[in-house]
Amino acid sequence: MVNVSREEITGGSLVRSLLLLAAPLVMQNLVQVAQQVVDTFWVGRLGENAVAAVGVNFPVIAFIYSVTMVVNTGTQVVVSQRAGGDDDAGGRKMAFHGATLALFFGITCALVVAVGAETIIELVLSGEGVTTLATTYLATYMFGFPFAMTSDAIESAFVGWGDSRAALYINVTAVLVNIGLDPFLILGWGPFAEMGVRGAALATAIGYAAGLLLGLGMILRGRDGLTFTDRAVGFDVSEYREILEVGVPSGAQHAVSQLVRIVIIALVSAVGGAAALAAYTIGARVASVAFIPAQGLAGAAQSIVGQNLGADNPSRARQTTWVGAAVAAVGLTLAGVVQWVAPEFLVTLFVADVSPKALEMTVDYLEILVLGYWAIGAWYLFNAGFNGARRTKVSMVAGLLKYWAIRLPIAAVGVFWLGYGVYAVFWAVTLSNVVSTVGVGLYYYYTTNDGMLQRAAEKATSAAD
């Protein structure tokens, strides 16, 4: 796989740089989705309650990962701007501080959540069968959270440096270990005892540990110039503060979106029961496959924007966002065509013995989601454009409006006042995607015309000097 050089990022073909840097990130997201698919497949052998129990943990765990987003975004953006400004020593220093901050936050979160797992799940669900299984999964999963968070920070440093292949290798290692252990720990193959959903969580935790070991090995040996040298190692409060200044709004945006998803999970569970919850879970997993190109492009664009601002090239940073948004919108539209044509096949691919009621609702959900896929693609890229310029507060406010001012009110009105049941939730997702993307796109156009990127480039270059 060809790597993209710093010179290409700041001065070569923009489309080539974007695609080369995005390709490993797309593959990384593919293997992550493969992990979710395989987990769902094996857990699906245990029945719908087990699928629902694991599914309800996705938004809960994603909410907890808001802390990870703080460190990841701060590390990637600052490393990319320092690398673009040829401040390699500063980039290495930031990578070390990102990894150590992630380790501290990871251990703290793991202890708090593992102790309070039952209380957390009971706030979301009612029903002894699903609640007990979901609590078991969450408490076990958190054993691997410090490994996951630290390896994510190292990946973010590599991506900001311009080496997205390293992040791919770390993820592939984690996922392969996870997938290989799944049937043994979940169903009790070979000498192992059947552990059910606990086994699924434990396999994931072990996979994260394996990925972290590889990431540490690469950065300690020194890869593409990124390593923990004597000058990089240390505990500088100003470095940690810079990570938090850039990353906290991004983490807050992530927390806001996931908190709404948790509320919606509770709403779906209350309105439609286990079948509706399984439908929402399966639909979300199927749809997540379609998001892969946009997520990869957004990760690449964020680094390219940051490096070009560090190199005092704001016009190229702006062009990166618009080109990426167009590519992502078209790519997700094409993915939506496949989803529209064969929704039942996709559903049964995830859970072979899904009930007829859950199958019907899941197919309907997938068809509704398709209508807003183009918007999801563009949304990722506009946020990347703001984040790369350190305007993470804009992404935070946009996420706040998308989920709390648009999605949740539409869902609540549709369920409680109009009587559309769980379908009100499905439509709320698509409508909020479209309206929010149009709004954030218009704001990006306005702020860039008003000199936002020029000011960001001046700040980045003055910091390097």
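Student: Let's begin with charges. How many salt bridges does the structure hold?

Tutor: The general idea first: side chains of opposite charge can pair when their charged atoms come close. In this predicted model, the structure holds five salt bridges.

Student: Which residue forms a salt bridge with Glu-239, and how far apart are the closest N and O atoms?

Tutor: The partner is Arg-82, and the closest N and O atoms are 2.9 Å apart. Because Glu-239 lies in helix α11 and Arg-82 in helix α4 (residues 66-84), the pair ties together parts that are 157 residues apart in sequence.

Student: Where does Asp-163 lie, and where does Arg-223 lie?

Tutor: Asp-163 forms a salt bridge with Arg-223, and their closest N and O atoms are 2.6 Å apart. Asp-163 lies in the loop between α8 (145-161) and α9 (164-187), and Arg-223 in the loop between α10 and α11, so the pair ties together parts that are 60 residues apart in sequence. Asp-163 is buried, at 0% relative accessibility, and Arg-223 is buried with a relative accessible area of 19%.

Student: Which residues do salt bridges that share partners join into one network?

Tutor: They are Arg-82, Glu-239, Glu-242 and Arg-390.

Student: Let me look at Arg-390, then. Where is it found, and what is its phi?

Tutor: Arg-390 is found in the loop between α16 and α17 (392-417). Its phi is positive, about 70°, although Arg-390 is not a glycine. With a relative accessible area of 22%, Arg-390 is partly exposed. Asp-312 also deserves a look: it has a positive phi of about 60° and is not a glycine. Asp-312 sits in the loop between α12 (292-310) and α13, and at 48% relative accessibility it counts as partly exposed.

Student: Now the surface. Which residues form the nonpolar patch?

Tutor: To read a patch, look for nonpolar side chains that have accessible area and lie within 5 Å of one another. Here the patch consists of Val-337, Trp-340, Val-341, Leu-371, Ile-410, Trp-427 and Leu-431, and together they have about 660 Å² of accessible area. Two elements give two or more residues to it, α13 (314-341) and α18 (422-449). The most comes from α13, with three residues.

Student: Where is Leu-371 found?

Tutor: Leu-371 is in the loop between α15 (356-370) and α16 (373-388). Its relative accessible area is 45%, so Leu-371 is partly exposed. For contrast, take Leu-123 in helix α6 (residues 117-124). Leu-123 is exposed, with a relative accessible area of 69%.

Student: Finally, pockets. What is the volume of the largest pocket, and which residues lie nearest its centre?

Tutor: When reading a pocket, ask about its volume, then its lining. The largest pocket has a volume of about 200 Å³. Ten residues line it, and Val-286, Val-289, Ala-290, Gln-339 and Leu-346 lie nearest its centre. At least two lining residues come from each of α11 (237-290), α13 and α14 (343-350).

Student: How many of the lining residues are nonpolar, polar or charged?

Tutor: Nine are nonpolar, one is polar and none is charged.

Key. Residues are numbered from 1 along each chain as its sequence is written. This is a predicted model: local features need pLDDT of at least 70, side-chain atom pairs count only at pLDDT 80 or more; totals for chains, interfaces and linings use all residues. Side-chain values use heavy atoms; hydrogens and water are left out. Patches are made of residues with over 30% relative accessible area and no salt bridge: like charges are joined within 9 Å, nonpolar side chains (Val, Leu, Ile, Met, Phe, Trp, Tyr) within 5 Å. Accessible areas come from the Shrake-Rupley method with a 1.4 Å probe; for residues, only the protein chains shown count as cover. A salt bridge is a side-chain nitrogen of Lys or Arg within 4 Å of a carboxyl oxygen of Asp or Glu. Helices (H or I, at least four residues) and strands (E, at least two) are DSSP runs, numbered from the N terminus. Buried means under 20% relative accessible area, exposed over 50%, partly exposed in between (1.4 Å probe, protein chains only). On a 1 Å grid over the protein atoms alone, a cavity is a set of points where a 1.4 Å probe fits but cannot get out, and a pocket is an open set with protein on both sides within 12 Å along at least five of seven lines; lining residues have an atom within 4 Å of a point. Grid points are joined across faces, edges and corners, and a volume is the space filled by probe spheres set on the points. Ala, Val, Leu, Ile, Met, Phe, Trp, Tyr, Cys and Pro count as nonpolar, Asp, Glu, Lys and Arg as charged, and the others, Gly among them, as polar.
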